[in-house]
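Hello,

Here is the structure I said I would pass on. My notes follow below it.

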Amino acid sequence: MAIYTYVGRDVLDRRRKGKIEADNEELARELLFSRGIVRIEKLKEDKPFFKTELDFSFLNRVTLKDILVFTRQLYAMVHAGIPIVTALKVIKDQITNKRFKQITEDLASHIEEGGRFSTALSKYRNTFGNFYISMIKAAEESGTLEETLKRLSDYLEKIEKLRGKIKSALFYPVFVLVITTIIIGGILVFVVPTFKTLYEDLGGELPALTQSIINTSNFLRNYIDWIVLGFVVTVVMLVQLRKIKQVRYVMDSFLLHLPIFGELILKSNIASFSRTLSSTITSGLNILDALSIAGETANNEVLRKAIDGVREQVEKGISISVALSRYKVFPPMLINMVAIGEEAGTLDEMLTKVADFYEEEVDRTVDALTSLIEPMMMVFIGGIIGFIIIAMYLPIFKMGELLK
């Protein structure tokens, strides 16, 4: 979000100047016009030489759940006949997230000054996203804001539930692996050296298995700082590399080829794509804009690139089902349902059915995965700890050889 300094004239030809916050110059001009500045004489981005404040906005990140609750409350109040400005002010007082509270207050101020709700939302495109803003804009033009808010609430609730399922499926094994690593690291760093001292006092040659565990313990104790530093650097590098589109594509392609997890990721993305495309078509957006928004909301670069390719082919006059069939990432069921929807003129309904189907598939996959992972992780943890214990107690069974 950039800050622009402006000088202009209002409808009464009075000179006005000040600063405005916007994502880009085009949006800044649109916002100024909505506030009564009909002629802009000067508009320049304000770039300070030094930042005097540190940015801690990530501590108050606006989540999908925050937007879901916001949309639900806004729908309930609009449905009850409360003016949108009043509704936004009431909602603002109930929000605990400082950044989101400030955003809601600004939305209310903008509308109170005569601006449109969608224009106010576009100032915070990174928070609400193109899909949300496009839906509201289409609702304003068609006069169906209340209905659209209801549809948005339902959509966000399903997407939030879907993401929650994926997170729960991935969180458990990651959490167990982290705890296992800490426990095993603690044993190797603090417990094994005690056995090492005992066996050194006894003298003699240790079994190869025991010696390998002791060598591992020595390595960890001597290079623990470098190991931690290397891990941190690796994570930072992966995060930075993921910002490069080509690298992100390779990473996401690798994720899709993972056993079980790859199928889960693909199903969740197809469900999200189908529901987004259905919602945008239902709201009255043309198919090209709907595909663009659906591509932007995809969480996988492979799928996003495929959707962009589908859009380009549809723009040339090819049907959606044929365009989808040219990319292996799209499952046959999606392609067939889209083909039926195109022929019957019920594309949005068919896409909703596809989304419902794959969301149920995600539920079943997550349940099966959870029941499978739990015993596997227990065996894995028990096996490693058991291996270390056997290795460290092995010399005791050969005590006669060690006592020389």
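Predicted model: local features only at pLDDT ≥ 70, side-chain atom pairs only at ≥ 80, totals over all residues.

One of the pairs joins phenylalanine 70 to phenylalanine 128; the geometry is tilted, with 6.0 Å centre to centre and 55 degrees between the planes. This pair links distant parts of the chain, since phenylalanine 70 lies in helix H2 (residues 64–79) and phenylalanine 128 in helix H6 (residues 125–142), 58 residues apart. Both phenylalanine 70 and phenylalanine 128 are buried. Phe70 and Phe128 also belong to one aromatic cluster with Phe100 and Tyr132.

Another pair is that of tyrosine 327 and phenylalanine 330: the planes are at 90 degrees and the centres 6.4 Å apart, so this pair is edge-to-face. Tyrosine 327 is partly exposed, at 26% relative accessible area, whereas phenylalanine 330 has 3% relative accessibility and counts as buried.

A charge also meets a ring: lysine 305 has its charged end over the ring of tyrosine 249, 5.0 Å from the ring centre.

Now helix H14. It covers residues 332–344, and its 13 residues should span 18 Å at 1.5 Å a residue; the end C-alpha atoms are 18 Å apart, which agrees. Leu334, Ile335, Met337, Val338 and Gly341 are the buried residues of H14. They pack against three helices, H10 (261–282), H13 (320–325) and H15 (347–397). After H14 comes glycine 345, with a positive phi near 75 degrees.

Regards

Conventions:
Residues numbered from 1 in each chain as written. Heavy atoms only, no water. Helix = DSSP H or I, 4+ residues; strand = E, 2+ residues; numbered from the N terminus. Expected span 1.5 Å × (residues − 1). Buried < 20%, exposed > 50% of the residue type's maximum accessible area, 1.4 Å probe, protein only. Contact = heavy atoms within 4.5 Å. Phe/Tyr/Trp six-rings, centres within 6.5 Å; stacked < 30°, edge-to-face > 60°. Lys NZ or Arg CZ within 6 Å of the ring centre and 35° of its normal.
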